[in-house]
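Please read them with the structure open beside you.

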Amino acid sequence: ENPLEMHEGELEILDVNDNPPTFPQRSIALQMSEASASGARFRLEGADDPDIGTNTVAAYTIGSSDHFSLKTQKTESGIIIVELLLEKSLNRELQSSFQLLLTATDGGTPQRSATAQILITVLDFNDNPPVFDHDIYRGSVRENAPRGTLVLKVQANDLDEGLNAELTYHFSDVALRGVQDVFSLDPRTGEIRVQGPLDFEAVNSYSLDIQAQDHGPPAMTGHSKVLIKVIDVNDNAPEIRITSAFNKIQENMPRGSFICLINVIDRDSGANGQVRCEIQTDVPFRLQKTSNHYKLVTSEPLDREAMSEYNILISAWDLGWPSLSSNKTIQITISDVNDYAPQFAESSYNVYVMENNAPGVSIFTVTATDHDLDQNSYLSYSFLDNHIQNMPVYTYLSINSMNGSIYALRSFDYEEFKNFQIHVQA
């Protein structure tokens with residue numbers, strides 16, 4: 001009975017290892033104080049690989065060195081943080097620079113790799129890197145926050161003095177790829193403010209890598225992560241989509257017949273994305289709620305002769321504050337079925353004819369009406385099986401089947417018969 005069935009499915013696109021890792025720069029320049037203690041770590045800009053899963057960057061290695069080794073750590077998001085670990089103290093007077101080859105390899109098959117030169121300059125000593133108050137800062141901002149809105153403030157401290165303790169804050173190169181148009185970072189105060197438009201429906205959270213760099217020679221940096229959650233506001237009105245619509249239906253359709261499928265979508269979240277839908281109550285239709293859709297069905301018998309067309313207003317609104325709504329109109333035309341019989345204006349007619357009338361003249365016209373439409377209202381007139389003085393009626397009369405005009409085929413004689421009765425049908 002129901003002409004519509006819907007099934008849902010998911011399609012997963014599997015990644016292949018078709019991209020090698022790439023470093024942002026072919027060479028990485030580092031400055032290290034000869035006072036750096038063994039065990040000091042120096043964050044390196046990692047390689048990027050657009051592949052996913054095991055096909056992305058899996059490991060880092062460096063060439064053999066008595067002074068340095070690599071330390072890697074995998075974050076919750078799957079990013080490998082790579083740091084250069086000082087294994088043996090430095091002496092600028094013995095060796096003022098180092099060159100190391102950093103290799104990044106992925107876990108795919110075939111395995112792909114990339115290299116970058118690490119250029120290390122040993123200088124005298126600014127021996128305390130900046131340290132942030134928190135390893136991870138957390139904040140939130142509404143998606144409609146205007147430009148300049150303060151999100152949060154980061155702060156680092158440096159135990160050195162003078163220029164070695166003066167700090168400048170900036171985003172790391174990795175963070176700049178997605179946030180510089182959205183957030184700004186004051187290099188002096190560490191304040192993070194809204195820089196551009198936010199859209200919860202596009203991006204609902206941001207992870208920023210922040211660096212604090214002192215002004216000492218060599219400059220030292222501290223690192224922290226900032227997690228910003230975007231708070232949804234009710235900025236999307238419900239969208240009404242109508243599918244599988246029958247815009248023309250017959251008036252004899254049974255109660256509960258399917259008309260169309262209505263899908264209401266709201267891109268907001270929570271109560272802002274919860275929607276209600278209804279139609280006006282003065283029509284012979286109603287909505288049936290299914291899992292994620294509404295069905296418009298007939299609720300009462302239809303009568304084209306009473307109403308041949310309906311403009312049904314569909315209204316949808318969300319539960320946010322303030323609530324947003326939208327409307328859509330669907331036009332339904334009721335097609336005719338032959339449910340009305342023709343009707344004559346009178347159930348009987350009295351016709352008077354002068355005797356000795358001329359044959360072939362019209363003596364009367366009957367007219368019937370039909371409330372149906374088109375072919376269902378086209379009428380044809382004829383005599384029922386009547387006789388006049390034991391003779392078929394067609395001996396005396398004829399009728400125009402198109403317009404109901406009745407003609408005398410012969411002259412009538414009053415002395416022969418004074419009256420007779422005939423039956424006409426339409």
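1. In which sense do β2 and strand β5 pair, and over how many bridges? In this predicted model, β2 and β5 (residues 80–86) run antiparallel to one another, and four bridges join them. One place to check this pairing is L44, whose bridge partner in β5 is V82.

2. These two strands belong to an open sheet of three strands, in which the order is β2-β5-β4 and the pairing is antiparallel. Because β2 (41–44) and β4 (68–74) each have a single partner strand, they stand at the edges, and one side of each is left without a neighbour in the sheet. On average, and with direction ignored, neighbouring strands of this sheet are turned by 30° against each other.

3. An open sheet of four strands has mixed pairing, and its order reads β18-β24-β23-β20. Its edge strands, β18 (248–250) and β20 (275–279), each pair on one side only, and the twist from one strand to the next averages 30°. Between β20 and strand β23 (residues 309–318) there are five bridges, and the two strands run antiparallel.

4. Turning to the aromatic side chains, a pair of rings is described by the distance of the centres and the angle of the planes. Counted with a limit of 6.5 Å between ring centres, the model has 12 aromatic pairs. One of them is formed by F183 and Y206, whose ring centres are 5.1 Å apart and whose planes stand at 85°, so the pair is edge-to-face. This pair links distant parts of the chain, with F183 in strand β13 (residues 183–185) and Y206 in strand β15 (residues 205–214), 23 residues apart. Both F183 and Y206 are buried.

5. The pair of F344 and Y381 has its ring centres 6.3 Å apart and its planes at 50°, and is therefore tilted. Here too distant parts of the chain are linked, for F344 lies in strand β25 (residues 343–344) and Y381 in the loop between β27 (368–369) and β28 (382–383), 37 residues apart. With a relative accessible area of 27%, F344 is partly exposed, whereas Y381 counts as buried at 5% relative accessibility.

6. F132, Y137 and Y169 form one aromatic cluster. K289 lies over the face of Y294, at 5.3 Å from the ring centre, and the charged end of K418 sits over the ring of Y414, 5.0 Å from its centre.

7. Where the backbone is concerned, most residues other than glycine have a negative phi, and most peptide bonds are trans. Against that background, T109 and P110 are joined by a cis peptide bond with omega of about 0°, and P110 is placed in the loop between β6 (97–106) and β7 (113–123). Another cis peptide bond joins W321 and P322, with omega of about -5°, and P322 lies in the loop between β23 and β24 (325–335).

8. Is N356 buried or exposed? At 60% relative accessibility, N356 counts as exposed, and its place is in the loop between β25 and β26 (362–365). Although N356 is not a glycine, it has a positive phi of about 60°.

Conventions
Residues are numbered from 1 along each chain as its sequence is written. This is a predicted model: local features need pLDDT of at least 70, side-chain atom pairs count only at pLDDT 80 or more; totals for chains, interfaces and linings use all residues. Side-chain values use heavy atoms; hydrogens and water are left out. Rings of Phe, Tyr and Trp (its six-membered ring) pair if their centres lie within 6.5 Å; planes under 30 degrees apart count as stacked, over 60 as edge-to-face and the rest as tilted. Buried means under 20% relative accessible area, exposed over 50%, partly exposed in between (1.4 Å probe, protein chains only). A charge sits over a ring if NZ of Lys or CZ of Arg is within 6 Å of the ring centre and within 35 degrees of the ring normal. Two strands pair if DSSP finds at least two bridges between them. Axes are lines fitted to C-alpha atoms, for helices over the stretch in contact, and angles run from 0 to 180 degrees between N-to-C directions.
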